[in-house]
Amino acid sequence: MAETSSGRKCEHFDLKEYQFKTNMIPRLSVDDPETNRRISEGLPVIIIDSKLVASALHWDLEYLNENVGDGKFTVYKSSNTKFKYFDERKADDVKDFRKPMESLEIKFSEFVDLIKTVDPKKERVYLQQSLNDTVGKRIVLDFLQFNWNWVTEQQRRNKFGTLTSNLLLIGMEGNITPAHYDEQENFFAQVKGYKRFLLFAPDQFPCLYPYPTFHPCDRQSQVDFDDPDYERFPKFRDVKCLEAVVEPGDVLYIPMYWWHQVESVPNKGYSVSVTFWYKAAPNDKIEYPLKATQKVAMMRNIEKMIHQALNSADEVPEFMQNMVLGRYT
Ligand SMILES: CCC[C@@H](CC(=O)O)C(=O)C(=O)O
Ligand SMILES: [Zn+2]
């Protein structure tokens with residue numbers, strides 16, 4: 001098996017081709033100064049030897065089933081490969097909104113039965129649950145042995161806010177989380193299996209056409225990457241993309257507001273990941289020109305204010321068009 005520059009065996013992955021070209025996200029050592037530089041500049045990077053979750057690399061379905069306790073786990077079900085997040089609390093505001101997936105609250109053992117019995121051509125499942133104090137003591141011990149020194153040092157030096165959650169993700173091969181951005185910093189740790197990431201910088205917002213902020217799918221792209229509607233979303237043709245496949249032990253830094261689409265690589269088995277989400281660093285002094293992240297935050301606040309002032313989701317499109325069409329276009 002050939003080796004790449006970062007010493008990785010040249011795995012052969014069954015990766016989808018998209019209409020846009022991509023560049024690779026660097027895979028760097030935790031000791032490489034470039035690693036900390038990229039993180040401090042809000043640029044994505046894969047850290048290949050952080051040992052962040054070295055104590056969890058044995059987490060497979062059998063071990064977790066034995067030790068994860070009998071708490072309830074949130075499991076999403078989809079009739080296709082896509083697991084598009086939606087905020088149920090906003091569903092009333094958008095008539096004829098149809099949930100893109102269903103969610104269950106079940107025991108881990110029930111999830112194991114599901115993932116082993118569902119026909120992936122008909123139905124898929126994806127466990128997405130914050131690690132909490134219901135887990136068994138062996139999981140607690142593994143958790144305590146995460147490389148907290150490294151990740152807490154990153155939190156300190158980059159002035160990140162508090163750690164808000166560690167989400168355990170267990171997905172079937174081929175599951176896709178469609179393109180979206182999050183409002184938190186994320187050290188994404190891969191435990192088992194392989195995940196292909198497509199990342200887009202915050203300044204690609206104009207090419208990715210997110211839903212309105214009051215829509216249940218706020219922060220998600222409206223563009224179907226498998227069948228883009230270039231009439232509605234013409235700038236999608238020009239989108240600039242960075243990509244990478246993370247393997248067990250890798251940690252991908254996903255800076256806040258960076259768009260990402262994530263696929264559990266087909267034919268490589270189910271995937272297990274753990275996220276480390278941190279609140280944003282406080283806004284440093286305002287410098288001009290404003291950063292793309294600041295402009296996205298501004299657009300979100302303006303949309304929310306207009307929706308709130310009109311007190312009607314239906315009136316927002318006409319209001320925005322009256323303000324912009326023929327005046328700023
Ligand atoms: C619910 C979180 C899903 C995850 C993507 C994935 O692994 O499918 C993601 O989007 C993130 O870690 O930010
Ligand atoms: Zn995300």
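Predicted model: local features only at pLDDT ≥ 70, side-chain atom pairs only at ≥ 80, totals over all residues.
Residues are numbered from 1 along each chain as its sequence is written, and side-chain values use heavy atoms, with hydrogens and water left out. Local features were considered at pLDDT of at least 70 and side-chain atom pairs only at pLDDT 80 or more, whereas totals for chains, interfaces and linings use all residues.

Asp-218 lies in the loop that runs between helix 6 (205-208) and strand 12 (241-246), where helices (H or I, at least four residues) and strands (E, at least two) are DSSP runs numbered from the N terminus. With a relative accessibility of 6%, Asp-218 counts as buried, a class defined as under 20% relative accessible area with a 1.4 Å probe and protein chains only. Beyond its neighbours within four places in sequence, Asp-218 is in contact (heavy atoms within 4.5 Å) with Lys-90, Tyr-211, Pro-212, Thr-213 and Arg-300.

The largest pocket holds about 1,000 Å³ of space; a pocket is an open set of points on a 1 Å grid over the protein atoms alone, where a 1.4 Å probe fits, with protein on both sides within 12 Å along at least five of seven lines, and lining residues have an atom within 4 Å of a point. The volume is the space filled by probe spheres set on the points, which are joined across faces, edges and corners. Of its 23 lining residues, Phe-205, Met-299, Glu-303, Met-320 and Val-324 are the closest to the centre. Helix 8 contributes the largest share of this lining, six residues.

Methods: Chains lettered and ligands numbered in written order. Buried < 20%, exposed > 50% of the residue type's maximum accessible area, 1.4 Å probe, protein only.
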